[in-house]
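Subject: Structure handover

Hello,

Here is the structure for your files. Please look it over with the notes below.

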Amino acid sequence: EHLISATQLTMPLPPLHVRTPLIESRPLTEALGRPGCRVWLKLENCQPTGSFKIRGIGCMVQRALLADKGCSQVVSSSGGNAGLAAAYAAAHSGLPCTVVVPSSTPESMRKRVSAEGAQVLVHGSVWRDAHAKAEELVSATPNSLLVHPYDHPDIWDGHGTLVDEILEPGSGLSSPPSAIVVAVGGGGLLCGIARAFQRRGLYPNLIAAETVGANCLSVAMATGHPVTLPGITSKATSLGASQICSSTWTTVQEFGDKASCVVCTDAEAAVASWRFLEDHHMLTETACGAALSVVYNSRVPETALSNGGDIVVVVCGGRNVTVSQLSELAGLDS
């Protein structure tokens, strides 16, 4: 049995994520068009796996290694960026990894996951089928680690390191941001960011960005409680969670009027990603475009702008996109 335990680890583990740039964006600041407000970009697309996911999932895998019982294998049920992060984290921790994906997962993403050394197992047509199979694999092997795409405290803690970097001296900001814009699927990134601010007694304007057809948070905020969407119709597949995780919902409520949600169309998200590609020469998924569209389309809530200040957009990244795909989604010629 392949098993690494805490007794074999003689020194603290360096994080699997990298410190990403925080840069001021003149194009987005001009698009916002509010004197006294500057837009900054936290470039999570620069992570080794192309998205923020490695922060949380890397943290979860490393904490499992350090636990008394050790860890024998990593199992993920995501055919997207979370699965890629799980494969990367396992490979860099000396652990075998199986990523169970639904049949809808693009072949290009399956190849990326395999290239990280993981075994890719196709099961079912939707995520819940793949997740059920992953749970079955974990139950059959002692000390296996099941990596959920977004719903675990270790994942939220890992995502919170993004805030540490934003607030550290020398980051570029002279004071905490007045607002932070975050794309939301199941809510893991939003939860980690919000909790990290809360630990410091800070409550910036928390702006969640979703696409029509994957807007489980906006529906929850409208109804006053989490609901399960009947289906995911958005093409921004990385935002395709049918329900917001309960801890994220609780955290959003704790922010009160400081929390808001902006919903855009798939086309608006794709055009925002295309504009970002032209402005900053970086390719991102339309899931990331949802957050960018909040600024490009001047939909930042007035409460976040009234006193000026810095607005941080988390460029969450994503590897499940090509230039030609983005051009088609945006209705443009490549």
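H2 crosses H3 in a right-handed sense (left-handed if the near helix is turned anticlockwise from the far one by less than a right angle, right-handed if clockwise). The contact (heavy atoms within 4.5 Å) takes in Lys53, Ile54, Ile57, Gly58 and Val61 of H2. From H3 come Asn81, Ala82, Ala85, Ala86, Tyr88 and Ala89. By class there are eight nonpolar, two polar and one charged residues. Nonpolar means Ala, Val, Leu, Ile, Met, Phe, Trp, Tyr, Cys and Pro; charged means Asp, Glu, Lys and Arg; the others, Gly among them, are polar.

The axes of H2 (residues 53-66) and H3 (residues 81-91) come within 9 Å and cross at roughly 45°. That makes H2 oblique to H3. Axes are lines fitted to C-alpha atoms, for helices over the stretch in contact, with angles from 0 to 180 degrees between N-to-C directions. Under 35 degrees is roughly parallel, over 145 roughly antiparallel, 65 to 115 roughly perpendicular, and the rest oblique. Helices are DSSP runs (H or I, at least four residues), numbered from the N terminus.

The model is predicted: local features need pLDDT of at least 70, side-chain atom pairs count only at pLDDT 80 or more, and totals for chains, interfaces and linings use all residues. Numbering starts from 1 along each chain as its sequence is written, and side-chain values use heavy atoms, without hydrogens or water.

Next, H7 and H9. H7 (residues 188-199) and H9 (residues 246-255) pack at about 45°, axes 9 Å apart. They are therefore oblique to each other. H7 passes H9 in a left-handed crossing. Gly188, Leu190, Cys191, Ala194, Arg195 and Gln198 of H7 meet Ser247, Thr248, Thr251, Val252, Glu254 and Phe255 of H9. That contact has five nonpolar, five polar and two charged residues.

Now the second largest pocket. On a 1 Å grid over the protein atoms alone, a pocket is an open set of points with protein on both sides within 12 Å along at least five of seven lines; a cavity is a set where a 1.4 Å probe fits but cannot get out; lining residues have an atom within 4 Å of a point. This pocket is lined by 14 residues, with Pro15, His17, Gly58, Cys59 and Gln62 nearest its centre. H2 gives the largest share of the lining, seven residues.

Last, the largest cavity. Its lining is Ser108, Arg112, Arg319, Asn320, Val321, Thr322 and Gln325. One is nonpolar, four are polar and two are charged.

Best wishes

Methods:
Helix = DSSP H or I, 4+ residues; strand = E, 2+ residues; numbered from the N terminus.
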